Amino acid sequence: QKSVGHGSVFCSESTYLLDNPDFWPVDCADYDMVHYGTLQSAETGEGYGDYLIVGISKHKGPPVFTQQERYKMVRAIKWVDELVEGAPYVTTLQTLDKYSCDFCVHGDDITLTVDGKDTYEDVKKTGRYRECNRTQGVSTTDLVGRMLLMTKAHHSNIASSDYQQHTDNFGKGPRGSSPWTGVSQFLQTSQKIIQFASGQEPQPGDTIIYVAGAFDLFHIGHVDFLEAVHKLSEKPYIIVGLHFDQEVNRYKGKNYPIMNIHERTLSVLACRHVSEVVIGAPYTITKDLLDHFKVDLVCHGKTEVFPDRGGYDPYAVPKKKGIFRTVDSGNSLTTDNIVQRIIKNRLLYEARNQKKEAKELAVIQAIKSREEEKAKERTQAVA
């Protein structure tokens with residue numbers, strides 16, 4: 001047991017995407033698929049105190065990642081100070097006391113136990129609960145809809161009938177749409193980038209390492225690669241060059257990238273191994289780029305390197321300078337593997353998501369009825 005100072009925060013949440021495919025508590029939500037919403041939840045939770053502890057529950061459905069991969073993903077988030085493996089789904093006062101936490105943080109959506117009880121009822125009664133707004137502009141519902149749509153214009157074509165059909169299946173029940181389960185368009189702002197960026201410049205003695213790619217649906221394969229790159233130097237300063245959406249689609253095809261350049265930027269910035277991100281980096285690594293960032297080393301994984309638009313090797317310049325290195329992370333997982341896993345079980349995800357939303361709508365109606373009764377009682381008391 002580790003003793004922590006004042007202001008420590010405990011975040012515990014279900015960590016399976018597929019059992020609750022659109023479960024969006026804004027503190028430590030859904031660490032089976034980490035994206036901007038879950039990353040901001042960690043950043044928000046860390047902002048409530050001095051020490052952020054994230055509790056990861058065991059999954060109850062067919063997961064995208066294994067339990068150990070899920071743990072490693074969360075540990076790679078730069079705002080997370082400590083991880084509790086196999087944390088209970090319901091955060092109790094005993095759990096907070098065990099890890100010396102002052103309070104827990106959760107989003108403003110509804111979380112219920114199997115018997116319909118508020119999972120945070122006890123900690124709320126004792127004043128050890130903090131709540132923040134649901135992350136807007138991103139959802140697993142939306143991401144899964146993009147995977148199933150299989151078009152090249154899904155980032156800008158959210159009003160199309162095909163896209164709406166998929167998002168309705170994942171984010172709308174037969175009686176309407178829950179405010180906690182649904183699709184919302186991502187809106188990037190400069191403030192969001194500032195929140196995620198480290199703001200640290202390279203220091204004397206740092207080894208400036210440049211890597212480039214799509215880093216789509218930021219996953220454990222990316223984490224393992226960046227961790228391997230990080231180990232190449234005692235004082236690494238890793239710059240990640242992210243290609244624009246059109247460039248990614250040119251060399252990856254199909255409906256890639258699943259996440260747009262803005263979403264991918266925040267996902268990569270949240271990784272503790274990354275120091276800086278170049279938004280819309282050129283596909284071909286030029287002498288000007290290397291000189292501008294004073295790059296000491298350029299790295300690429302074991303994945304295929306596609307030629308540039310002219311048919312040339314995009315890494316020709318760093319190779320000629322003798323600063324190129326191929327890094328084997330030992331992890332062969334790709335974004336395409338993840339997409340195939342999700343598509344394979346799409347009907348199961350749709351059914352579970354609709355069931356969850358039906359519960360939410362029932363709770364909303366119950367809350368509304370109670371409020372109406374209280375208002376009626378107040379009116380009668382005045383009369």
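**Ground rules.** The model is predicted, so I took local features only at pLDDT of at least 70 and side-chain atom pairs only at pLDDT 80 or more, while totals for chains, interfaces and linings use all residues. Residues are numbered from 1 along each chain as its sequence is written, and side-chain values use heavy atoms, with hydrogens and water left out.

I looked up the largest pocket and found about 750 Å³ of space in it. Its lining has 34 residues, with A214, H222, H300, T303 and E304 nearest the centre. Two or more lining residues come from each of β6 (207-213), α8 (220-230), α9 (245-252) and β9 (297-300). A pocket here is an open set of points on a 1 Å grid over the protein atoms alone, where a 1.4 Å probe fits, with protein on both sides within 12 Å along at least five of seven lines; lining residues have an atom within 4 Å of a point. The volume is the space filled by probe spheres set on the points, which are joined across faces, edges and corners. Helices (H or I, at least four residues) and strands (E, at least two) are DSSP runs, numbered from the N terminus.

**Salt bridges.** I counted a side-chain nitrogen of Lys or Arg within 4 Å of a carboxyl oxygen of Asp or Glu, which gave 13 salt bridges. In one of them, D224 pairs with K72, with the closest N and O atoms 2.7 Å apart. D224 sits in helix α8 and K72 in helix α2 (residues 67-75), 152 residues apart.

**Backbone.** I checked L217, in the loop between β6 and α8, and its phi is positive, near 50 degrees. The Y256 to P257 peptide bond is cis, with omega near 0 degrees; P257 is in the loop between α9 and α10 (261-269).
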